[in-house]
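Here is a look at how two chains meet in a model. Have the structure open while you read.

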Amino acid sequence: MKSLVLYMIGFAAVAMTSASYDSISNPYSLGDQVDDFKLQNVDQEWIQLSEYKGEMGVIIIFTCNTCPYAQLYEDRIIDLHNTYKEKGFPVLAINPNDPIQKSGDSFEKMKIRSEEKAFTFPYVFDADQEIYPRFGATNTPQVFLLDDELQLRYTGAIDDNPQNPQAVNINYVENAIEAIVADEDPNPAKTKAIGCGIKAKKAG
Amino acid sequence: MFILFLPFDLTAQGFDPPILDFSGFKPYLEKDNDTIYVINFWATWCRPCVEELPLLEKLESDQFEHPLEVILVSLDFRNQVETKLVPFISEHDLQSKIIVLDDPDANSWIDQVDERWSGALPATVVYRGQKRLFFPDAFADYQSLKSTLINF
C-alpha cells in the first residue's frame, strides 16, 4: 500500500512537471506575424512594436541586468544595434524578469544599467510578463528576429561563443539578417544557447 | 623543481573538477547499467540552481531500489572555475561528482542532452539504462524529487 501511494505521488510529480512545461507551449512559430505590443522604455516613453513597421525588421532581444550570460553579450548587443540600425534592423531589448524574484532586474535598475552601458537602443520592461510568453522566450539572452512584416524569422543565440567574442565562428543573428536582406530564409532559423531561465512571477 | 611543484599538483587533484568539452562529457549521459543517474546542469551564479543543490546532495544518502549517482554539471565560465567554482565547492562541502562542461557552441549539444531543453539553467536529466526523464526547472522540494526517483 505504502509503495502504491508513493508510486502515485511519483506519477503526480512527473505529470505536474510536464504540465508546467506544456503551459508555455503554443507561442509564435517561425513565419508567424507577431501581435502588436506596447512596453515602457527606460526613458519613460512607451514603445510600440508597430512603430517598427517602416524598418527592414527588428532584432528583439530578451535580456536583463543580472544574468551573467546577458552581461557577456551587452557589448555585442550594442554593436549589433550600431551596425544594423543603419541597415534597417534596430535592436529592441526587453527585460522579462520579475523584479520580486530578482531585485537587480527592476525598472529602476534597468535605467541605471542602460545609462552605465550607454545603450543606444530602447530597453523596455515586460512588467506584466504578458509579452515574453507569446514568444515562448525561456532564457536571457534570447533573440527573436522579425522582418519588415513583423514576422518571426529567426530565434535563438546571438553567436556561437558567449565567453569569448574573439573566438566566435558563427554570427547567427548577423547571418539571419543577411539572409532576410537577400530574400532568403535564415539557416539555421532556430538555435539554442545556455542562459538564465526567465524569472516568472510566483502565483499568489 | 619536482619537489616545488608536487604539493601544488596534489591540491589540484584533490579539489579541481574535470573540465570537459561535450564529446568528453557525453559518455556520462549514456551509461548502460542499473544505476539511476541524476545529471544536473547548474552554475554558481544561478540562484535557483544553488537553492536546489542541497536537495540533490541529499539523494545519495537516501535509499532507492537501484544505485543512484548524482553528477553536477557546472556551466560556470572557464575563467571563473578557479576563482568561484572551486571555492564554492569547498565552502558548501559538495559531495556529489562535479564536472565542468566547457564547450562554447551550446547550440551543437543542447539537443543532444535533451531536445526539450531550452538551454535555461537549471535543468536535470534522470536516466537508468534506456529510461529517461527531463526536468526543465528546479525541483521545488526534496519530496517531489524523491517521489520522482522512488520507482524509477
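## Where chain B meets chain A

Strand β9 (residues 195-197) of chain A runs parallel to β5(B) and pairs with it over two bridges; strands are DSSP runs of at least two residues (E), helices are runs of at least four (H or I), both numbered from the N terminus, and two strands pair if DSSP finds at least two bridges between them. Within that pairing, Gly195(A) has Ala120(B) of β5(B) as its bridge partner.

A word on the ground rules: this is a predicted model, where local features need pLDDT of at least 70 and side-chain atom pairs count only at pLDDT 80 or more, while totals for chains, interfaces and linings use all residues. Residues are numbered from 1 along each chain as its sequence is written, chains are lettered from A and ligands numbered from 1 in the order in which they are written, and side-chain values use heavy atoms, with hydrogens and water left out.

How many residues of chain B are in contact with chain A? There are 31, facing 31 residues of chain A, with contact meaning heavy atoms within 4.5 Å. About 2,400 Å² is buried between the two chains, and carbon and sulfur atoms give 60% of that; this is the accessible area (1.4 Å probe) that the two parts lose on being put together, summed over both. On the chain B side, Trp45(B), Phe77(B) and Asn107(B) lose the most area to chain A, together 23% of what that side buries.

There is one salt bridge between the chains, meaning a side-chain nitrogen of Lys or Arg within 4 Å of a carboxyl oxygen of Asp or Glu. Asp111(B) forms it with Lys192(A), the closest N and O atoms being 2.5 Å apart. Among the elements that give two or more residues to this side of chain B are α3 (47-59) and α5 (110-113), but α6(B) gives the most, with three residues.

## Inside chain B

β6 (residues 123-128) and β7(B) pair in the antiparallel sense over five bridges. They form a hairpin with two residues between them, and Gly129(B) in the turn has a positive phi of about 60°.

| Strand pair | Sense | Bridges |
|---|---|---|
| β9(A) and β5(B) | parallel | two bridges |
| β6(B) and β7(B) | antiparallel | five bridges |

As for confidence, chain B averages a pLDDT (the predictor's confidence in each residue, from 0 to 100) of 90, and 90% of the residues score at least 70. Over residues 1-13 of chain B, pLDDT stays under 50, and the model has zero contacts there beyond four places in sequence. Where pLDDT is low, the predicted coordinates should not be read in detail.
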